[in-house]
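Me: Hi! Could you walk me through this model?

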Amino acid sequence: MLEPAPLPTPLVDCTDEVFARAGVELRLKRDDLLHPTVPGNKWRKLGPNLADAVERGHARLLTFGGAYSTHLRAVAAAAGALGLESVGLVRGEELADRPRNWSLRAAEAAGMRLEFLTRSAYREATGRADGAGDGAVDEDLRRRWGPCLVLPEGGSNALAVVGAAAIPAELPGLDARDVVCCPVGTGATLAGIAAGLPPGARALGVAVLRGGEGYLEAEVARLHRAAYGREFDNWRVDHGHHGGGYGRVPADLAAFAEGFERRHGVPLERRYVAKLLAALAGLAVAGAFPRGTRLTAVVTGLPDPE
């Protein structure tokens, strides 16, 4: 069985000179401590989807990811714990005959069957999965890979948004001075946080991929409509701190992460969490937040083991 998560996750005041000079408070919402193999926003997003899969009698999950996808590892671990089969469609046909990296090894060790697709076939397959609600779309995937519940890339769907919406409820006393912040890959965590906020509080997402202007905003709005039948206007996405693109960790970002870890003793995942905190520090220095703002940064995942 999948172990229950210890909720609420810790909320830690983080006194840091950079933020203090700007008159801004920083707190860390330690969702990285949520679960050892299904950490952070993966547990938040997968929980409702797994409950739905079990309730509907599914025996197999199918989903998508790249060579180092945390989502693939999380789905593999969660499905295995629940006695479900899992299939992961991996971007990059050339990876099929290469030795598995640590991430893909972990997914396979948890029982996931990996299928490697060309980039064009991967785009087509993820596009089909994203066409939620079109029975023919999902049916094509099921016909090719067997009966299954199809989860979109990153696990981002309406149920995932509802799962992430529980985060603000674990933050007491939110009001107009509060900005709850998270990294943004596919948009579901940001969509959930924004939907769960009380009046006055706002959400800020930091894009970790380059070239997402407009697209990520449209995705968050789409997810809001899918989950709640309406859109929200209490959030925005920052596109200026992606570090060169998804998976890129430039030297200045690595140096920031190492310094933050030394000062605060919190290990930082580099591709998402470090970008979030570096962005918040840069925005604070630039005066982007009014003095008295309280930032809560959601630590969405664990550092890579290698």
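This is a predicted model: local features need pLDDT of at least 70, side-chain atom pairs count only at pLDDT 80 or more; totals for chains, interfaces and linings use all residues.

Me: Great. How many helices and strands are there in the protein?

Reply: The protein has eleven helices and ten strands. Its radius of gyration is 19 Å, close to the 19 Å that the globule rule gives for 306 residues, so the protein is as compact as a globular protein of that length.

Me: And what box do the C-alpha atoms fill?

Reply: Along the principal axes, roughly 55 × 40 × 35 Å.

Me: What share of the residues is buried?

Reply: Buried residues are 53% of the 306. As for contacts with a separation of 6 or more, 74% are between residues 24 or more positions apart.

Me: Let's go inside. Which residues touch the most other members of the largest nonpolar core?

Reply: Those are F19, L26, L28, L277, L280, F289 and L295, out of 28 residues in that core. Elements giving two or more residues to this core include strand 2 (25–29), helix 10 (251–264) and strand 10 (294–298). Helix 11 gives the most, with nine residues.

Me: Nice. What does L295 touch, leaving out residues up to four places away in sequence?

Reply: L295 touches F19, V24, E25, L26, R27, V179, C181, L280 and F289.

Me: Which residues are in the second core?

Reply: That separate core has 26 residues, among them L46, A78, L104 and L149.

Me: Switching to charges: how far apart are the mean positions of the positive and negative ones?

Reply: They are 2 Å apart, for 36 positive and 37 negative charges.

Conventions:
Residues are numbered from 1 along each chain as its sequence is written. Side-chain values use heavy atoms; hydrogens and water are left out. Helices (H or I, at least four residues) and strands (E, at least two) are DSSP runs, numbered from the N terminus. The radius of gyration is taken over C-alpha atoms; the globule rule is 2.2 Å times the number of residues to the power 0.38. Buried means under 20% relative accessible area, exposed over 50%, partly exposed in between (1.4 Å probe, protein chains only). Contact means heavy atoms within 4.5 Å. Lys and Arg count as positive and Asp and Glu as negative; His and the chain ends are not counted. The place of a charge is taken as NZ of Lys, CZ of Arg, CG of Asp or CD of Glu. A nonpolar core is a set of buried Ala, Val, Leu, Ile, Met, Phe, Trp, Tyr and Cys residues joined through side-chain atoms within 4.5 Å.
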